[in-house]
Amino acid sequence: MAKTTVERPVEDDIQSKELLSSYRLMLLIRRLEESVYRKFHEAKIGGYLHRYDGMEALVAGIIPFLQIPGDYVLSTYRDHAHALACGTSPRAVMAELMGRATGCAGGKGGSMHLIDPENGFLGGDGIVGGPVPISLGVGYALKYRGNGNVCVVYFGDGAMNQGGVHEAMNMIGLYRLPVLFILENNKYAMGTSVERSTGQTDFVLKAKAHGIDGEHVDGMDLLKVRDVAGRAIKKMRETCEPYFLEMSCYRYVGHGIGDDNTKAWTTYRTEDEVAQWRERDPLLRTGDYLEARGILTPELIEKFEAEIAAEVEDAIEFAEASAEPPLDSLYENVYSK
Ligand SMILES: Cc1ncc(C[n+]2csc(CCOP(=O)(O)OP(=O)(O)O)c2C)c(N)n1
Ligand SMILES: [Mg+2]
């Protein structure tokens, strides 16, 4: 018997395509982070690094809504995902991690300082809370230009205890600048839980104290993130107002590469806690959602996995074959001209 095809509204098709592409982006981020862990332990990557495993929906559900060029993204040191979501190639990310001249910061930034202004990514930042005062300047410039552009700034629950963050938020609230705050509430700042570091654990209330409206979002749910962020960004373009999203999320591995990734629960979180959050993995949940609707199939997952494995391998080969920055470039780009 011939299969009957169900007519679906065009919006459904657009939504399906977007969801599929966000799913693939999350898979790329996860697989790249896993490869980065291996490469660090092979001593191919030096310095330090922080992974985004578990938090992928926070970039895959927001950054695709941005208009680049025009909009900007600022991130913390946990920034590989943000660069990839902005469109920085896996080659340029991997080469930067390996300190090569072909990296997106010319091999001088490393993991915490990926940057790609042409793709709207104004960089990661090793200073906890550092991106927020920068977003004040970016937001001011965007308001001044008046093109309806927005600046999305990512920062952590620990960063919310930094003085400079509140000074900047005060001014963003005062000047009504188009800054979208994405508070990555992954429950810990290194090994210190939110409950042990602040008397007010509701971060939206803290934003409201600065005259900035906001809401809580389940950051493990790609659809919810997309829904809230899509509406917020659309409104911000019309009103040129700041907005604040507290994203409840979780990092699956240790704080950084020095915090044993395989036994991250031994000191400050329990194995049970990690396992419970693993059940809410945004990749699995989005995959299940798409499979249930016939948008994703096991064959397509296999195809994505194969393509991504090749992309990551290509990035590694490219980085390893690239030269380190020449010694006489040491003083280049120290100051802007
Ligand atoms: C100004 C400053 N103080 C302290 C540190 C050391 N430090 C690095 S990461 C970190 C924890 C930040 O936690 P959070 O803001 O929740 O971000 P997460 O790592 O959870 O993404 C600290 C204290 C730093 N890099 N900068
Ligand atoms: Mg945190």
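In this predicted model, residue H113 lies in the loop between helices α4 (90-97) and α5 (131-145). H113 has 18 C-beta neighbours inside 10 Å and therefore counts as partly exposed; a residue is called buried if 20 or more such neighbours are found, and exposed if there are 12 or fewer. When residues up to four places away in sequence are left out, H113 touches A105, G123, G124 and G126. E332 is 219 residues away from H113 along the chain, and the C-alpha atoms of these two residues are separated by 16 Å.

The strands were examined next.

Strand β2 is paired with β1 and with β3. Strand β1 (residues 72-74) runs parallel to β2 and is joined to it by 3 bridges. Within this pairing, C151 of β2 is the bridge partner of Y72. The pairing of β2 with β3 is also parallel and is made of 6 bridges. Here V153 stands opposite F181 in β3. Between β2 and β3 the chain passes through helix α6 (residues 163-175), giving a right-handed β-α-β crossover.

Strand β3 (residues 179-185) pairs in turn with β7, in the parallel sense and over 6 bridges. The residue I182 has L245 in β7 as its bridge partner. Strand β6 (residues 214-218) likewise pairs with β7 in the parallel sense, over 5 bridges. In that pairing the partner of E215 is L245 in β7. Strand β6, helix α8 (residues 222-239) and β7 together form a right-handed β-α-β unit.

Burial was also examined for β7, which spans residues 243-248. Because 5 of its 6 residues are buried, β7 is largely enclosed by the rest of the structure.

Ligand 1 is surrounded by 15 residues, and the closest are V128, G156, G158, A159 and A189. Sorted by class, the shell around ligand 1 holds 6 nonpolar, 6 polar and 3 charged residues.

How values were computed
Residues numbered from 1 in each chain as written. Chains lettered and ligands numbered in written order. Predicted model: local features only at pLDDT ≥ 70, side-chain atom pairs only at ≥ 80, totals over all residues. Helix = DSSP H or I, 4+ residues; strand = E, 2+ residues; numbered from the N terminus. Pairing = 2+ DSSP bridges. Right-handed = clockwise from strand over helix to strand, strands pointing away. Near = placed C-beta within 6 Å. Nonpolar A, V, L, I, M, F, W, Y, C, P; charged D, E, K, R; others polar. Contact = placed C-beta atoms within 7 Å.
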